[in-house]
Amino acid sequence: MDFLTAHIGLSHYLILAALLFTIGLLGVITSRNVIRVLMSLELMLNAVNINFVAFNNFLAPMYGDHFLFSGQAFAIFILTVSAAEAAVGLAIVIALYRRYSTVDMERFTALNG
Amino acid sequence: MTDWIQAFLHTPFMRFIVVENIHYLLPELILLVTISIGLFQASGRSKQSHDDAWSTALWGSFFAIAVAKVLAFHLHVDPETLTLYSTPVNLPVFYDVIRIDLLYSIVRTFVLGGTFLVLLFSRAYLEKHSSTAAEFPMLVLTASLGASLLAGANDLIMLFVALETLGIPSFILAGYFRNDAKCAEAGLKYLLYGGASTAVILFGISLIYGLSGGYTQFPMITAKLQLLETTLSGGFQPVLMIAMVMLLGGIAFKLSAAPFHQWTPDVYEGAPLPVTAYLSVVSKVAAFALLIRVCANFLFALSPADAGTGIAVLSGLFVVLSVLSMILGNVAALRQNNIKRMMAYSTVAHVGYLLLGFVVFREAALASVLYYLLAYVYMNLGAFAVITLISLQTGRDDIQAYSGLIRKKPFYTLALSIFLLSLAGIPITAGFFAKFFLFQSVIQADSNTLWLIVLALLNSTVSLYYYLNVIRVMVVNEPSDMVQSLTRRVDAPQTLPILLSVVACLIGTLVLGFYADPAMMYTRGAMAQLNQPDPTSIQALNQEIHMATMAGDSADVLALPAVVHQR
């Protein structure tokens, strides 16, 4: 445990978040499966959460006699909102699945774009 | 009776509301109450309860606009000094999460007005598609709540929550007819692109949060970033650069600026027509208000326009977005056969013109951007209202269905022609003055942008072709069988609200044209307020620096100048 606190600093968290974000972005761009795209979106948002919590942990300013936890509050807001977004996304996917019997994005061809 | 009111006004609760400026959020509170009541009514099964919910939504949004108008005109602009009198500037609400200023008041009024007009012309359309449920207006109102709060956001968390309050109902609305393949696909596409762009914006925001040292309020962040810039001689930080590029890129996605516009034509074609109108007007206005705030707080405050390579790079980013949007939008609109797709590409082109105002990094140009937005609300919504009317009667969206419409429906033809001419920028309409003011202010701020203005003018000429083409089809072509079968008699009472919104937009388009100068005065006043130094946050920052210096704990804080000066 001492090793962790002594050697892991802010930059490690930021690199982890940047990597996760990139993986998520690649997943959104390259996946054909809608469920996977939604999962990759969540990955991107969670990368942002890591950023916020890490920044808050290392840089929290004082406000009067206590620390400001706005970054952690922000992370909770992101969790909540991303859950709502995933719910809407899955509902639309179900509607499309009923029609096409597939979640492959390439098969959704009603719009020619 | 009056004693009773006096006593009520002097209760601690009312005092709290007035002291904390909460009464300035009355339009949003009315919307919130309307949504709550309407959802209760809409949960009933009978047709009567859905009718009730619809009228609740219409009345609620009407009252919200009325109150917003009163609050907006309560703020008076002094024409000489462009400052406000009778009401203080920059009122903080809810611990400074929202700031009440003129930009917020103006944008809020127009967002709510656009919402009311969209609701007016959506009911008949939904009933035609055998969808009588009253969730639709509630979703629209929820999205508008987000849109109007987005214009006043003064805090990163508020910004994000408002953005998603606008976004999530919009995703549902875009896929509202879930049994229709096109519509559900439009919803999915909008959700995926919208979600990804939100994630990108958030990543940029998280970096800004880190750079500011853990603050979420805009004035604090601005002050912190200014500090960073003055102390680190490199000027513009590379991390800030990355953050700004991600933030601006994400917003460009929301604005459907090229090259991030691919989702626009598909979503606009697939979504129900009123939703398309909503997305292309209300969402765009809110997103531009956000962009104006972000630029004013994080960019313009940092460097004067003549210094800093980072600023030059970001200005170049706006140039690229603007030029690509204008050219791609106009060229692609030329060969569209479906009027919804044509309007989608026309939106992309207009976003291109609007982004020109951000190239020069001056508030004066932003005032013209705001005026352009207001004109755009009326002319685009009006065009969509007429398109909805025609679509209701012919059931088709392709331009050929409009052949010879003038023989049967002269008023529709006249109204659509005026809106399209205004979009093309023909004089005496609001669209002309919008373009005129925008181009003039950009070139006044920086004469190196001459080539951009020439390009924009050439593009408006190109746009004239496809707008006039619709008018030509309506006026010159022989009527098609479908148009032939339309009757000339007065419309059914169902379409009366739609006609009402067409007339309102016509009046708006012409009045904003005739009274362009007073309107510009208001928008200039709004921009003059934007970047005023904020005494409270500067004081707080100085306090913090002072304490850190006393404690002597951090070397880099010691290196900062002892006092932050006001700009």
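How many helices and strands does chain B have? Select chain B: the chain has 24 helices and four strands, taken as DSSP runs (helices H or I, at least four residues; strands E, at least two) and numbered from the N terminus. This is a predicted model, in which local features need pLDDT of at least 70, side-chain atom pairs count only at pLDDT 80 or more, and totals for chains, interfaces and linings use all residues. Residues are numbered from 1 along each chain as its sequence is written, chains are lettered from A and ligands numbered from 1 in the order in which they are written, and side-chain values use heavy atoms, with hydrogens and water left out.

Of the 567 residues of chain B, 61% count as buried, that is, under 20% relative accessible area with a 1.4 Å probe, protein chains only.

Next, select B:L145, which lies in helix α6 (residues 135–152) of chain B. B:L145 is buried, at a relative accessible area of 10%. Leaving aside residues up to four places away in sequence, B:L145 touches B:E28, B:L31, B:L32 and B:I35; contact means heavy atoms within 4.5 Å.

Then turn to the interface, where 42 residues from chain A meet 40 residues from chain B. In chain A, A:F74, A:E85 and A:L111 lose the most area to chain B, together 19% of what that side buries; buried area is the accessible area (1.4 Å probe) that two parts lose on being put together, summed over both.

Finally, select α2 (10–30), α3 (34–59) and α4 (70–100) of chain A, the elements that each give two or more residues to the side touching chain B. Of these, α4(A) gives the most, with 17 residues.

Definitions and conventions: Buried means under 20% relative accessible area, exposed over 50%, partly exposed in between (1.4 Å probe, protein chains only).
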